[in-house]
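Here is a short briefing on one protein model.

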Amino acid sequence: MTAFKSDFLNVLQERGFIHQCSDAAGLDALAARGEATAYVGYDCTAPSLHIGNYLTMMMLYWLQQSGNKPITLMGGGTTMVGDPSGKDESRALRSLEEIEANKESIRGVFAKVLRYGSGPSDAIMLDNAEWLTKLNWIEMLRDIGRHFSVNRMLTMDSVRLRLEREQEMSFIEFNYMVCQAYDFVELSRRVGCRLQMGGSDQWGNIVNGVDLGRRMGTPQLFALTTPLLTTASGAKMGKTAQGAIWLNADQCSPYDFWQYWRNVEDADVAKFLKLFTILPMDEIARLGALKGAEINEAKKALADAATTLLHGEAAAKQASETSRQTFEEGAISENLPTVEISRAELEAGAGVLALFVKAGLVASNGEARRQIKGGGLRVNDVAVTDEKMTLTLADLTPEGVIKLSLGRKRHVLLRPA
């Protein structure tokens, strides 16, 4: 391990955030002086960010805790272009109205992790639409485009991999790296930003910004990336059979968020405690050393700490108690995720396959059938054996709900409305 002078890099290294850094010694000196203003960009492609974004938010959190200044950059402009990184085909172009709606939906999550204000280390939020949408095309080509080598651009993973697979890349996507690089230069000029952070898939784009800054006369800029996370079994972090784990409570309830962490693989617990909680390292070492059945204590601590940071202590305690009631007492907790269904639909008899899809427990009727064959679906804690089964008002529990379960750990209540 490298011994850094700055608390910022020491914490990131100790917790496993550092993958690549363009000039670690230079960045270390800057951060030790409390002069490392840094940004992460977040495109507005969905109404919520996800766990992958949560990782970079934690980097900004530790930056702020070390006395440096974080910037959350909303990608109002870059979302109009679409980042080709990691994509086999062009992203769908979103309307300006959709981008604005997504932007507004995303904004609130950052204040749960970062402190915003006008102080030296207070976070600020900017939007690259402010400058990207005002660029004159010819001036952009002369002043910015001339600094880019097409030969080098073709070697970037986001471009090269698409071309090697003989999959089309549009001209607009090809320009994404130019827009992102210019963001870095603009932020350096406007607010003295010297560091851009992101996932390792963004390394090429970030280094382009460092190089563009050098060519356009900014102070030295720095790049820092975090590893792209996979679980111990090799799956992509934050992905489940039901889709991404979102950060907005209206897209992933605090209970479901808590359950995600509670159910991680044993081998991932210590790593995720370091990355997704602010628990002290000695406590993480204690929890990470637990084996056998005791590992469940560590998983609950992970779930509590990660959920408290994002959704607050009250939501984390409620999620924990709901889980305890559901699994230890076998009770139907009113705090389980709930999906409304029309009373008329139940009066007529609703197909069990469609209801599990409606509840979000499975993605399709076909998946529901496969789960039934494996004994994975339950209604009111009784295994479903007939895929043609229908549920009616007679299936309502005394609490007035129908409990649908996928395995032992995922439950949704159907409530007639």
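Which residues of strand 6 lie on one side, which lie on the other, and are they buried or exposed? F222, L224 and T226 sit on one side, A223 and T225 sit on the other, and all of them are buried. The model is a predicted one.

**Strand 6 and its cover**
- Strand 6 spans residues 222–226.
- Five of its five residues are buried, so the strand is largely enclosed by the rest of the structure.
- Buried here means a relative accessible area under 20%.
- In a regular strand, side chains alternate between the two faces of the sheet.

**Partners of strand 6**
- Strand 1, residues 20–21, runs antiparallel to strand 6.
- Two bridges join strand 1 and strand 6.
- In this pairing, L224 of strand 6 has C21 opposite.
- Strand 5, residues 195–199, pairs with strand 6 in the parallel sense.
- That parallel pairing of strand 5 and strand 6 has five bridges.
- G198 has T225 of strand 6 as its bridge partner.

**The crossover**
- Helix 11 covers residues 203–215.
- Together with strand 5 and strand 6, helix 11 makes a β-α-β unit.
- The handedness of this unit is right-handed.

**The protein as a whole**
- The protein has 417 residues, and its secondary structure includes 19 helices and 15 strands.
- A compact globule with 417 residues would have a radius of gyration near 22 Å; the protein has 24 Å, which agrees.
- Along the principal axes, the C-alpha atoms fill a box of roughly 75 × 50 × 40 Å.
- Of the 417 residues, 49% are buried.
- The accessible surface is about 19,100 Å², and carbon and sulfur atoms account for 50% of that surface.
- Take the contacts between residues at least 6 apart in sequence: 72% of them join residues at least 24 apart.

**A loop position: G407**
- G407 lies in the loop between strand 14 (402–406) and strand 15 (410–416).
- The relative accessible area of G407 is 32%, so this residue counts as partly exposed.
- D381 is 26 residues from G407 in sequence.
- In space, the C-alpha atoms of G407 and D381 are 9.9 Å apart.

Technical notes. Residues numbered from 1 in each chain as written. Predicted model: local features only at pLDDT ≥ 70, side-chain atom pairs only at ≥ 80, totals over all residues. Heavy atoms only, no water. Buried < 20%, exposed > 50% of the residue type's maximum accessible area, 1.4 Å probe, protein only. Helix = DSSP H or I, 4+ residues; strand = E, 2+ residues; numbered from the N terminus. Pairing = 2+ DSSP bridges. Right-handed = clockwise from strand over helix to strand, strands pointing away. Rg over C-alpha atoms; globule rule 2.2 N^0.38 Å. Contact = heavy atoms within 4.5 Å. Areas by Shrake-Rupley, 256 points an atom, 1.4 Å probe, with all protein chains shown as cover.
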